[in-house]
Amino acid sequence: MKEVLSLDGVSFAYETEEDVFVQAVQDVSFTVRDGEWVSIVGHNGSGKSTLAKLMIGLLFPANGIVNVFLDPLTEDNLWDVRSQLGVVFQNPDNQFVGATVQDDVAFALENNGVPYDEMQTRVKQALSDVGMSSYHSHEPHHLSGGQKQRVAIAGALAMNPKILILDEATSMLDPQGRSEVIELITSLRRTTGLTVISITHDLEEVLLADRVFVMNQGRLAASGTPTSIFEQGSKLQEHGLDLPFALRLSQLLRNAGLPLAGDHMSEKELVNELWTSHFSK
């Protein structure tokens, strides 16, 4: 798979009111390939949201290079690059600018000079993709949290992005809304081959990723598949992260004497083994 985004020795520091520079990201390097789902995780203040801003050009690194589609991201090509990125932030209310759902989805298309007929087609398709067609004339602020995030995702998808960046996009949702959004992204990626970069603290969401990058104190502390990352156990906890609920419960049950075939990363896996091996006889 070809490279679509990479960071090469990227560092960034914020200046405080006391004229002190606080290092948010330090010498971070990684590569994202076409069609991958990559999750970036870390404790609060680990630098993961700063990485998101660097990847979309809201910030530029003090050192190092951010490459998007093999070209260094600069102020000269920023708007062209952004037209190929879809970004969904933590609070969808901060992204709404239209009076209705369809107006909001159309906003970025209008700003990019998309012809009216094509714009109508894209808005209709994007709302259909996220299951929000029947809400096209609703006011965004009257929707539920999960519905608002679906509209925000529709706005990103209408741009036909090559990369979708989710910056804590499910953190403010209830369990049902979170599940709906995750299922939506999983389905869209399966049908379109979309590249997904998810900045998250939801460890259940991380299990869907092809690769995981763990941030700790501004540095890239670990990378690998979800299974290889969570197998680190206590070392992962040193980075300020917990283990998935199903994995912790698997370990507790085995320590209590219940024979299990192995550690389970998801609740579905654990329930299936408990049912087939211990309760269905």
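This is a predicted model: local features need pLDDT of at least 70, side-chain atom pairs count only at pLDDT 80 or more; totals for chains, interfaces and linings use all residues.
**Stop 1**

Start with the charged side chains. Side chains of opposite charge can pair when their charged atoms come close. The structure contains seven salt bridges in total, and the tour visits some of them.

Select Glu36 and Arg211. They form a salt bridge whose closest N and O atoms are 2.8 Å apart. Glu36 sits in the loop between strand S2 (21-33) and strand S3 (37-42), while Arg211 belongs to strand S9 (residues 211-216), so the pair links distant parts of the chain, 175 residues apart. Is Glu36 buried or exposed? Its relative accessibility is 3%, and because buried means under 20%, Glu36 counts as buried. Arg211, at 18% relative accessibility, also counts as buried.

Arg33, Glu36 and Arg211 are linked in a network of salt bridges.

**Stop 2: Lys48 and Glu168**

Select Lys48 and Glu168 next. Their side chains meet in a salt bridge, with an N to O distance of 3.7 Å. Lys48 is in helix H1 (residues 48-55), and Glu168 is in the loop between strand S7 (163-167) and helix H6 (175-192), so this pair ties together parts that are 120 residues apart in sequence. Lys48 and Glu168 are both buried.

**Stop 3: Glu118 and Arg122**

Move to helix H4 (residues 116-129), where both Arg122 and Glu118 lie. The two residues are four apart, about one turn of the helix. They form a salt bridge, and the closest N and O atoms are 2.7 Å apart. Colour the two by accessibility: Arg122 is buried, with a relative accessible area of 19%, whereas Glu118 is partly exposed at 35%.

**Stop 4: the largest pocket**

Which residues lie nearest its centre? Select Leu85, Val87, Phe89, Gln95 and Ala108 to see them; they belong to a lining of 22 residues.

To see which elements surround the pocket, show helix H2 (78-82), strand S6 (85-88), helix H3 (101-111) and helix H5 (145-157). Each of these gives two or more residues to the lining of the largest pocket. Finally, colour the lining by residue class: 13 residues are nonpolar, seven are polar and two are charged.

Key:
Residues are numbered from 1 along each chain as its sequence is written. Side-chain values use heavy atoms; hydrogens and water are left out. A salt bridge is a side-chain nitrogen of Lys or Arg within 4 Å of a carboxyl oxygen of Asp or Glu. Buried means under 20% relative accessible area, exposed over 50%, partly exposed in between (1.4 Å probe, protein chains only). On a 1 Å grid over the protein atoms alone, a cavity is a set of points where a 1.4 Å probe fits but cannot get out, and a pocket is an open set with protein on both sides within 12 Å along at least five of seven lines; lining residues have an atom within 4 Å of a point. Ala, Val, Leu, Ile, Met, Phe, Trp, Tyr, Cys and Pro count as nonpolar, Asp, Glu, Lys and Arg as charged, and the others, Gly among them, as polar.
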